[in-house]
Amino acid sequence: MKRIAMLMLMGFCTLLFYASCSSNAEEEKEEETKYLVTSPLKKDTTITNDYVSQIHSIQHIEIRALEKGYLQKIFVDEGQYVKKGQLMFQILPIQYQAELLKAQAEANYVDVEYKNTKLLADSNIVSKNELALARAKLDKAKAEVSVAQIHLGFTEVRAPFDGIMDHFQVRLGSLVNEGDLLTTLSDNSKMWVYFNVPEAEYLNYKTHAQEENLQHVNLMMANQKMFNYPGVVQTVEADFNNETGNIAFRATFPNPNGLLRHGETGNIQMTLPMNNALIIPQKATFEVLEKKYVYVVDKDNKIRSREITIAAEMPHIFVVRSGLSKDDKILLEGLRQVKENEKIQYKFVQPASVISNLSLYAE
């Protein structure tokens, strides 16, 4: 009997020991599952929106032949910088030179006739009407000389402005017709950058922009480097595109080093102020079927998912348009470790501290 009593006592002690260990484990588990919770931060801020853009030269034109003939000379090269008035192409001018000589000879003949008629008119041998007719013939002949000179001048194709040439569309000796494309010319001293802005963001822009203080924008180039010179939004088109709901903006950028070329692409970054914006960390959200959600902690310390609408996105943070108020408590970390309606223990972190130290709280 004593032996049985001793065994029972030992078993009871063992149960107490395991119960104590289990209790300690549960307490440690509760300590380990204490989550960080914060609230949205309401403050005035600025947002930077990115827009896909197309880069155009301030002047970009086609250089075409003005007369028909064989391309006799090319005085420039592809990609060359040319000055206004510089000779670029020469179309064989023989025919037009001959036409000019013919017109000049005709003008000289008519001029002699006019002078003779004037002498006779001064002596009252012929009437003044005959003198006027001779004068009209002379004016016509001079006009034909001018036309011939213009046609001859059209055989020389000169640069209409300073710019950079594109590749040749014809080669030396080619037969070109009037209107045939020879090359294109781009003035890259300034660049026009076009981008489309949604209606809501257009309204924000018009609300804050003033004509005397034009909106400055930056250009992120295709190599993910920022262009050194800021641009200015100077033009907004008249109409919205009914299919996309966007309206086209045009920003002008200086291009002193000629880095930007016609036809490039990039991203315009435009900064706009937002008053009383509601800000939350991006890592406090999760996505389901392309919709954004957060876990909100209710008064019973239970978490419930709530859909939110994002007004703007910035590095590490979202600006919330709807779905939250500044008094809501949202789960900051451990989103993958909790379940809907689960009761949790948490530690509240001031939103200003969270926003200013996002990198420290990153999971």
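**Chain overview**

Analyst: The chain has six helices and 19 strands. These are DSSP runs numbered from the N terminus: helices are H or I with at least four residues, strands are E with at least two. This is a predicted model; local features need pLDDT of at least 70, side-chain atom pairs count only at pLDDT 80 or more, and totals for chains, interfaces and linings use all residues. Residues are numbered from 1 along each chain as its sequence is written, and side-chain values use heavy atoms, with hydrogens and water left out.

User: What share of the chain is buried?

Analyst: Of its 363 residues, 34%. Buried means under 20% relative accessible area, exposed over 50%, partly exposed in between (1.4 Å probe, protein chains only).

User: Now helix 3. Which of its residues are buried?

Analyst: Leu131, Ala134, Leu138, Ala141, Val145, Ala148 and Leu152.

User: Where is glutamine 224 found?

Analyst: In the loop between strand 10 (216-221) and strand 11 (231-236). Glutamine 224 counts as exposed because its relative accessibility is 56%.

User: What about glutamate 290: buried or exposed?

Analyst: Exposed, with a relative accessible area of 74%. Glutamate 290 lies in the loop between strand 14 (285-288) and strand 15 (291-297). Its phi is also positive, about 65°.
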